[in-house]
Amino acid sequence: MPKVVGVKFSNTAKIYYFEPGEHEFTQDCGVIVETARGIEYGTVALLPMDVSEDKIVGQLKPIIRVATPKDTAQYEELEARRVETMTIAHEKIKASGLDMKLVDAKYNFDGQKLVLYFTADERVDFRELVRELASTFHTRIELRQIGARDECKMLGGIGPCGRPCCCAAHAHDYAHVSIKMAKNQGLALNPGKINGLCGSLMCCLEYENEYYTEVNKLMPKVGSEVPLADGAKGVVTAINQLKKTVTVKTQNKDDSFTYSTVTLDELNAYKEADTEGQNEADSNETVIEAENIGEQSESVEDSLEQDSQKPETIPDGQENRGKGEHRRGREGGKRPGGKNNAREGKPPQGPGENSDKGKNRHHGNGNRNNKKRGDRQEKVQQSKPE
């Protein structure tokens with residue numbers, strides 16, 4: 001594992017790693033290092049130590065030297081010039097009419113570059129302003145637009161809790177916070193109470209979010225019904241995650257309400273007792289249902305036996321049904337006509353011109369059929385070769 005030294009720069013809480021080299025360091029001593037912005041003056045926050053590779057971001061640069069008294073005096077002189085630089089730059093910005101707010105001004109260690117930090121709602125065209133500032137300060141000018149959180153981190157301040165802002169005091173990176181964290185902690189969703197000086201959600205909402213998330217899994221929800229002592233029921237009106245207590249509202253017989261505070265352990269005990277009682281009641285209902293089913297089955301068997309012992313009664317005129325007798329008429333007589341008589345080989349009864357036709361149709365004795373058959377035989381004989 002590589003050995004590193006932690007270095008902090010002015011007005012920042014973040015620690016950057018550098019390669020220590022052969023130098024000897026003491027806590028809060030000044031060092032001269034090379035950064036992406038050029039040569040910078042910083043102070044040692046962490047003495048040489050070994051860290052894993054995944055904690056090193058980018059290339060690990062070496063420390064140039066430990067700051068000498070001359071380096072420290074030069075750094076203090078540049079810091080003293082910041083106030084005057086801020087005043088002049090603010091006047092130039094106001095004269096240019098640009099909608100931008102100057103936040104801070106910093107010189108690099110050799111004084112050859114001046115960085116001005118500002119905030120703006122929209123993108124700003126500051127090319128003319130850069131020319132005026134360069135002719136005024138006779139150095140290289142860099143204007144950098146930042147956000148509201150960066151402004152709070154640079155300037156610092158006292159938060160709603162009465163302590164310095166986390167981002168300026170000790171937080172290395174910005175916390176990832178959301179409105180869900182405020183809901184988990186039961187905070188009022190009032191921007192004046194959950195927002196910091198930067199106008200965004202306070203970073204400290206993340207610190208205890210894990211605890212509140214786990215406790216909320218154990219606590220009942222507001223508005224839910226919970227069991228109490230002696231089988232009573234109540235409605236949850238408020239919960240306290242830190243004390244693990246629940247405020248329950250119960251209704252009295254005279255339609256008045258009583259509010260009581262119950263601990264989470266007591267509530268779980270009442271819930272277990274209510275569950276056991278419910279299980280016993282369910283088991284008793286199951287036994288009763290089984291007995292009722294048995295009685296019903298016995299009564300059905302008795303009714304079936306009684307039905308089987310009764311004599312069968314058949315209505316008059318239906319004894320011979322199912323034997324084909326009903327086809328001949330309701331009175332049991334044969335229907336007059338040619339079909340029934342033809343089946344028995346008797347001539348048709350009753351008048352009718354079609355009696356001969358019926359005879360020929362049923363018995364094949366008609367002249368028409370015989371004639372056709374004879375004609376067919378003659379034709380067959382004629383068609384045979386001699």
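**Sheet and backbone**

Reply: An open sheet is formed by 3 strands in the order β6-β7-β8, with mixed pairing. Strands are DSSP runs of E with at least two residues, and helices are runs of H or I with at least four, numbered from the N terminus; two strands pair if DSSP finds at least two bridges between them. The model is predicted, so local features need pLDDT of at least 70 and side-chain atom pairs 80 or more, while totals for chains, interfaces and linings use all residues. Residues are numbered from 1 along each chain as its sequence is written, and side-chain values use heavy atoms, without hydrogens and water.

Me: Which strands stand at the edges?

Reply: β6 (101–107) and β8 (140–145) do; each has a single partner strand, so one side of each lacks a neighbour in the sheet.

Me: How many bridges join β7 to β8?

Reply: Strand β7 (residues 113–119) is joined to β8 by 6 bridges, and the two run parallel. K113 has R140 in β8 as its bridge partner.

Me: Now phi. What is the value for D28?

Reply: D28, which is not a glycine, has a positive phi of about 65 degrees. D28 lies in the loop between β2 (16–18) and β3 (30–35).

Me: Is D28 buried or exposed?

Reply: D28 counts as exposed, at 55% relative accessibility. Buried means under 20% relative accessible area, exposed over 50%, and partly exposed in between (1.4 Å probe, protein chains only).

Me: And where is K244 found?

Reply: K244 is in the loop between β10 (233–240) and β11 (245–251). Its phi is positive, near 60 degrees, and K244 is partly exposed at 35%.
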